[in-house]
Amino acid sequence: MGFFLETLFGGLMAGMLYSLVALGFVLIYKASGVFNFAQGAMVLFAALAMARFAEWFPKWFGFESLLLANLLAFVAAMAMMVVLAWAIERFCLSKLVNQEGITLLMATLGIAYFLDGFGQTLFGSDIYSINVGMPKDPAFVMESMFEGGVMISKEDLVAAAVSALLVIVLALFFQKTKTGRALRAVADDHQAAQSIGIPLNRIWVIVWSVAGFAALIAGIIWGSKLGVQFTLSLVALKALPVVILGGLTSVPGAIIGGLIIGVGEKLSEIYIGPMLGGGIEIWFAYVLALGFLLLRPQGLFGEKIIDRV
Amino acid sequence: MLYRENGQFKTSYAADQQIFPILQDRWALGLLLLVAFVVMPLVGSEYFFRAILIPFLILALAALGLNILVGYCGQISLGTGAFMAVGAYAAYNFMVRIDGMPLIVAMLLGGLCATVIGVLFGIPSLRIKGLYLAVATLAAQFFTDWAFLRIGWFTNNSTSGSVSVANLNVFGIPIESPVSKYLFCLVVVCLFALMAKNLTRSAIGRQWMAIRDMDVAAAVIGIRPVYAKLTAFAVSSFIVGVAGVLWAFVYLGAWEPAAFSIDRSFQLLFMVIIGGLGSISGAFLGAAFMVLLPVVLDQLPHWLGIPISTATVSHLVHMIFGALIVFFLIVEPHGLAKLWSVGKQKMRLWPFPH
C-alpha cells in the first residue's frame, strides 16, 4: 500500500509538470487557433537562456549572489521570450492569418526547428544546470500509517506547488484583468472581438508571451530536475496526450489531463509494464488519450465540436 | 507560344480521359522518363545515386502515400514513420523466416501488413477529427517504436532492434550496385505514381476529396465516411509501407527502429505540405526540396570558404531549415505544385498578360 501511494504521488507530481507544458499549448490554441508544436522548443530555449544568463551575469557584472543572478537571469529570459513572441507574431503568424490548421501546425514545426538551432547557436549545446535552490532531498510522510512512511521528493513537491500557483495566477489574469477579458473574447470569436476594437495582433503577442512565461517556468523546473539539454524539447511530446485528453480549449482540462496521464503512466509502468517487457511509458499516455477520445472526441473538457453543413 | 492546347482535338473518350491531355505535357513527361531511365544511369556518379537520387525516389514514394491520406482525404497523420517501420520489419520477417522469398513478394506483403496496421489506427478517425486525430496518430508512432525495440520476435531477437538484409535480387538480377538500386526504385516509384494518379481520378478518389472538403456534406450525398476514410488509410499505408521496405532494404541495408522515428514522420509531412497538398507531382517536388536542402546547406560553408565548426553548422542548418519552411508556407501555402501550375497557366497565355 505504501508503495502504491508512493507511485501515485510520483504520478501526480509528474502530472503537474506535464500540465505546465500543456498549459502553453492550450493558451495559444484558445487565442489563435494555432496548435503550437514549438512549445517544447520554447521550453528548451527559455531554459537555456535562464541557465546561461545565470552563469554569465555574475561574470559580466562581477557579483557573487546566486539569488541576484537568478533574478536577473529570469528577467532577461522573460524579456527574450517576449521578443520572441513579438517576432513570431510579426514575421510568421500575421502573414498566415486565415490559413488552414495544418499549415499553421507546420509553420510552428518550422519555428521549433529554428528555435532549436537558434538557442543552441546562441547559448551552446552542452548540458547546463539551473540552480534555483530547489530542495533535492526526499521527505517521508505518513510514517505513523505505514512502516517507513511514503517517500516524496521535496523537489517534486515544490514543483507541483509552483505549477499550482502558476495556474491560479493565470486563472486570475484571465478572469479579472482587462487584458484577460480581451484574450477570452478573442478566443471565443476572432471576428466579433476585432469588430469591437480589440487589436488581434497585440493580443497574439500577449498570448505568445504568456505561453513563453509558462514555458520559462516549465523550463526552470524541468531544467533543474533533468539538466538543460536538447532532450528538454521532447517534453512537449509528453504533453501532447495531456492536451488532447483534457481538450484543446480548456485550461482546467490541461491540469486534470496532466494528472490523469501522470498517474496512469506511472501506475501502468509499475503494474502492467513488466508483463509487456517494460518501457511502455512512452506510448501508454497516447493510447490512454486515444481511448478517452473514442468516448469523447473533443476531450474531457473541450468545447463540443459541432458540424454544420 | 510553345505550350498551348489550341488545335489538339479529342475524338474519343479515351483521349478525353487521358492523364496528360496536352501534347506538350506528354512530350515533357516522356523526356523526363528518358532522362530518368537512360541518361541518369549513364552519367550519374555513385555519390549522386546514393546520397540524392535513391533517397529522393523512396521518400517521394512515401510522401505520395501520405499525400493520399492528408492531401486527398484530409486526415492528418503524424504516424507515417510507424507505417514505414511496419512495412520494413514485416518484409524483413518474411525474408528471414521463409526460404527463397522473392524480394518483390516480400515487399508487397510488407505493404499489406502496413495496410492492416494503418486501417487499425485509422479506425479512430471515424470519431476523432482534425488536430485531435493528428495527435492520436502519434500513438501509432510511439507504439511501433516501442514494439520493434522491445519485442524480440519482430527483429529475430537481435539486440537493440537492428537488423540487416543482404544479397537482394529481383528475378535473378542482383540489386547491389547503386545504379541497379536506383533503377529498381525508379520502376517501383513510377508504377505506384501511375496507380495513385489513376486512383485519385477514379470514383474512390473523388469520394476522398468529398470527405476532405466536408465530411458531413459528403455523407449526406451518399458517400460512406467509414468506407472512404478506411480505404484512404489502407491505400496510403500500403504505399508508405512499400516505401518503408525500400528505405530499409535498398537504401539503408541495415537499420534499427530509430530510422523510422517521429522525425521521419515530420519530414514526410513537410514534403507533402511544401510540395502541395492533394497533388501527385507535389509529392515529388516536396521530396526533391527536402532531400536537396540539407545537402546544399551542409555544403554551403565549404563552397563559400567560410570556416565554421561542424556543430555550429548543424545548428545553423536547423535554423535555416526552420526559417525556410516558414518562409515557404508564407509565400506559397499551397506548395510548389501550385507554383508549377501557376507557371503553366502563365505559359499558356504568354505573351498576353490575361
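**Chain A, elements.** I began with the secondary structure of chain A in this predicted model. I found twelve helices and two strands. Then I read their order along the sequence: α-α-α-α-β-β-α-α-α-α-α-α-α-α.

**Chain A, overall dimensions.** Next I looked up the radius of gyration, which is 20 Å for chain A. A compact globule of 309 residues would have a value near 19 Å, so the two agree. Along the principal axes, I noted a C-alpha trace spanning about 65 × 60 × 40 Å.

**Chain A, burial and contacts.** I checked how much of the chain is buried: 48% of the 309 residues. I also looked at contacts between residues at least 6 apart in sequence. Of these, 74% join residues at least 24 apart.

**Residues at the crossing.** I listed the side from α12(A): Ile282(A), Trp283(A), Tyr286(A), Val287(A), Leu290(A) and Leu293(A). They meet Tyr132(B), Ala136(B), Leu138(B), Ala139(B), Phe142(B), Phe143(B) and Trp146(B) in α6(B). What is the make-up of this contact, nonpolar, polar or charged? I found 13 nonpolar residues, no polar and no charged ones.

Conventions: Residues numbered from 1 in each chain as written. Chains lettered and ligands numbered in written order. Predicted model: local features only at pLDDT ≥ 70, side-chain atom pairs only at ≥ 80, totals over all residues. Contact = placed C-beta atoms within 7 Å. Helix = DSSP H or I, 4+ residues; strand = E, 2+ residues; numbered from the N terminus. Nonpolar A, V, L, I, M, F, W, Y, C, P; charged D, E, K, R; others polar. Rg over C-alpha atoms; globule rule 2.2 N^0.38 Å. Buried ≥ 20, exposed ≤ 12 C-beta atoms within 10 Å, placed from the backbone.
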